[in-house]
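Subject: Structure handover

Hello,

Here is the structure I said I would pass on. My notes on it follow below.

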Amino acid sequence: MNFKKYFILALLFVVPAFTVLAQNPIIRDQFSADPTARVMNGKVYVFPSHDIPAPPNKNLRENWFCMPDYHMFSSEDLCDWNDHGVIVSQNKVAWVDSTSYSMWAPDCIERNGKYYFYFPANKNVAGPNGRKGFGIGVAVADKPEGPYVPEENAIEGIFGIDPNVLIDKDGQAYLYYSMGNIYVAKLKENMTELATKPVAIANLPERGMKEGPFVFERNGKYYLTFPHVENDTERLEYAMGDSPEGPFTMTGVIMDESETGCWTNHHSLVEYNDQWYLFYHHNDYSPHFDKNRSVCIDSLFFNADGTIQKVIPTKRGVGVTPASGKIQLDRYSAISENGATIAFNDTTNTFAGWKTTLANKGAWISYNTVNFEKKNTGKVVLNAGALNGGKVELRIDAVDGPVLAEINVPESKEMTMSKTKIRKVEPGIHNIFVVAANDNPVEIDWISFE
């Protein structure tokens, strides 16, 4: 991996109010991890950590997590995400060691019109035991977008990472965090001080690392969810109980270990517009270095008894994609067993995204839940390339469904845009299929309708 190139890219992308697109990963211009999603003021806000490749000459641990600050993102449709820029930085918190690049998994919650952002980092002053270690701090804002003003000191009485806050139905706030075990303590009304001493939560796995707690209540049951290394890498597990402090009973697995070996996962669960979603991370943009991760979303469902159905990660993600947008077929819903593959457009800049190759006749790829809003959709634009020229069929609703268009891809070494008339499409939600019509390989970047 070209770390210098990625570091420069990471710095360039620290800009406010940037719109990023749908599909997984949802944040497509920078590395992001440890997403906490919250519904506030009718929107979904995501508070992730921010991975960057380690900058040189900073005396940092080689090939390790490097996290200098926090961005915040918001969306009303889970497809178009606005980057509100940096809300907290290691250089602007009094108690944080600004050379440590250790701003790990955060959380944010609203109370009485104030927004409390909780974050861990290495301290710049040693504690009573002589160790600096991790503290957890709070930054406060009057609106979810900020500005956030950090408290002068970290929360007293905590040595740990990965804060998570639950405000129970009676108004009592609880702070959860991890450090070997998972701990819980009550917070005072001011949300910045502990009301009780932290207690390790019992009945959780003793073998294998546990971290990243996220606790929520549903139908009177409390769910303690967390990453756990049961085998070789982290998977997402959960326990259930009748109280915010437990006792909890281990119940099941939310998401299995990464098939590609990404060592960490970290998550949150949120209900929005009557649907539950799992926010998590994976190293899609950095397949050879799993300390640079990216935030993803998939739908989540409960069984009748309250247990959680296992989530299978997808590239398609969630949300309705407008037909007029750039539809990234490589974030597919389904793909043929033979002849269709996905690869980076540019291996030196993975943020340029992926392309789909249809290598032989009959190879296909599909993308679901596309909204054809207008009655007069008349053309399709295909950004594709074919060394020897190629031909694809655009079909609707099934791989053998009606053909909307036959698209000739001109002979070219580069991606070029081809515009073709299409047959009438009934307005509404449709699934689209692109099928190779001959044996000349075609590389497709995106399609769009106009």
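I start with N57, which counts as exposed because its relative accessibility is 82%, and over 50% is the mark for that class. Please keep in mind throughout that this is a predicted model. N57 sits in the loop between β3 (43-49) and β4 (69-75). Its phi is positive, near 60°, and the residue is not a glycine.

N219 shows a positive phi as well, about 50°, again without being a glycine. Its loop runs between β14 (214-218) and β15 (221-228). With 67% relative accessibility, N219 is also classed as exposed.

The chain as a whole

The chain contains one helix and 31 strands. The C-alpha trace spans about 70 × 55 × 40 Å along its principal axes. Of the 450 residues, 56% are buried.

As for the surface, the chain exposes about 19600 Å², and 48% of that comes from carbon and sulfur atoms. On the charge side there are 42 positive and 55 negative side chains. The centres of these two sets lie 4 Å apart.

Strand β7 and its partners

Strand β7 covers residues 114-122, and eight of its nine residues are buried, so the strand is largely enclosed by the rest of the structure. β7 pairs with two strands that I looked at, β6 and β8.

- β6 (residues 107-111) runs antiparallel to β7, and five bridges connect them. In this pairing D107 stands opposite Y118 of β7.
- The hairpin of β6 and β7 has two residues between the strands, and N112 there takes a positive phi near 50°.
- β8 (residues 134-141) is also antiparallel to β7, with eight bridges between them. Here P120 stands opposite I136 of β8.

When you look at these strands, recall that side chains in a regular strand alternate between the two faces of the sheet.

Cis peptide bonds

One joins N24 and P25, with omega about -5°. P25 belongs to the loop between β1 (18-20) and β2 (33-40). The other runs from G146 to P147, with omega near 10°. P147 is placed in the loop between β8 and β9 (149-150).

A334

Which residues does A334 touch, leaving aside its neighbours within four places in sequence? They are W364, I365 and S366. A334 itself is in strand β22 (residues 334-335). Its relative accessibility is 27%, so A334 counts as partly exposed. A334 and Y367 are 33 residues apart in sequence, yet their C-alpha atoms are 7.0 Å apart in space.

Regards

Key:
Residues are numbered from 1 along each chain as its sequence is written. This is a predicted model: local features need pLDDT of at least 70, side-chain atom pairs count only at pLDDT 80 or more; totals for chains, interfaces and linings use all residues. Side-chain values use heavy atoms; hydrogens and water are left out. Buried means under 20% relative accessible area, exposed over 50%, partly exposed in between (1.4 Å probe, protein chains only). Helices (H or I, at least four residues) and strands (E, at least two) are DSSP runs, numbered from the N terminus. Two strands pair if DSSP finds at least two bridges between them. Accessible areas come from the Shrake-Rupley method with a 1.4 Å probe; for residues, only the protein chains shown count as cover. Lys and Arg count as positive and Asp and Glu as negative; His and the chain ends are not counted. The place of a charge is taken as NZ of Lys, CZ of Arg, CG of Asp or CD of Glu. Contact means heavy atoms within 4.5 Å.
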